[in-house]
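Here's a quick look at how the inside of this protein packs together. Have the sequence and the 3D view open while you read.

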Amino acid sequence: YNLILNLRNIEFDSRKIVVLLFNSLLKRKVGNRSPTVDYLLSRHKIVVTLMRGPETPEISLNTGLMLREAIKHEAVAKSVLYDPLFWKYFDYVNTDSFETSTDAFATLNDLLTQHKQLVGSFFSNDQIVSKFISGINKLITNGNYVTKRESTKLLADLIMIKLNYNLMTRYVNDVENLKIIMLILGDRSKNIQLEGFNVFKVFVANPKKEKAVIDILAKNRNKLLQFLGSFNKERNDDLFIAEKDFIIQQIQALPKIIVAEKVVEN
């Protein structure tokens, strides 16, 4: 704990030794037990100190390496996910320092993808899902190129996992989320467009679409069909081609919006 607490006061090369020591201790086993994991769980302040690493840019890469090694153990990952400080990672990802924000996102990504059962249970709470959607949408709309691309990819990965059913249904049944993803489809970057498509296809394929979602898709039918017709046309990937064709068919099959004509009285 004292080494981690005073990491910023240790010279650069020695910090690497602290990381090596910490990560080596995590791998130590006594029978089926991991003494270092037990130690961390009984002294949560050590984990909290690591979680606050991005607040000190000069040590954020060191603390990030240690924290990501620790959360490979599900019990530690759970203690991090349910700590209020977890939500600060959406702010850390948006810091001005590219190295710090990239490292913070790596931690956020690992936390939400490594332990599927744990994360599925985490997202079963509607309040948590609402908070996550708010955080990820801010990263998608306000982030730089890397943040926008990686955040959209993370969202796409998460909503495709069956255990995250509550997150998926809550996200794709909200028309405001659809508007955000449709803007991402129009991004100048083809990579960002592709990640946006991987989220968009879930909106379209959802058999229980909300009326507001259907209305937005139907209203933009012609623009969407025009976009999808030329979208990644050069890509020779059978799965992608099949998915795109299916989405086009679903959009074509949407009910037509009939605009009532105004009656002009003489």
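Buried means under 20% relative accessible area, exposed over 50%, and partly exposed in between (1.4 Å probe, protein chains only). This is a predicted model, where local features need pLDDT of at least 70, side-chain atom pairs count only at pLDDT 80 or more, and totals for chains, interfaces and linings use all residues. Residues are numbered from 1 along each chain as its sequence is written, and side-chain values use heavy atoms, leaving out hydrogens and water.

Let's start with Phe86, which counts as buried because its relative accessibility is 0%. Phe122, at 1%, counts as buried too. Rings of Phe, Tyr and Trp (its six-membered ring) pair if their centres lie within 6.5 Å; planes under 30 degrees apart count as stacked, over 60 as edge-to-face and the rest as tilted. That gives 15 aromatic pairs. With ring centres 5.8 Å apart and planes at 90 degrees, Phe86 and Phe122 are therefore edge-to-face. Both belong to one aromatic cluster, along with Tyr82, Trp87, Phe90, Phe123 and Phe132.

Phe132 also turns up among the residues touched by Leu155, as do Ile136 and Val199 (contact means heavy atoms within 4.5 Å; residues up to four places away in sequence aren't counted).

Finally, two charges sit over rings: NZ of Lys or CZ of Arg is within 6 Å of the ring centre and within 35 degrees of the ring normal.

| Charged residue | Ring | Distance to ring centre |
|---|---|---|
| Lys45 | Tyr1 | 4.4 Å |
| Arg235 | Phe240 | 4.8 Å |
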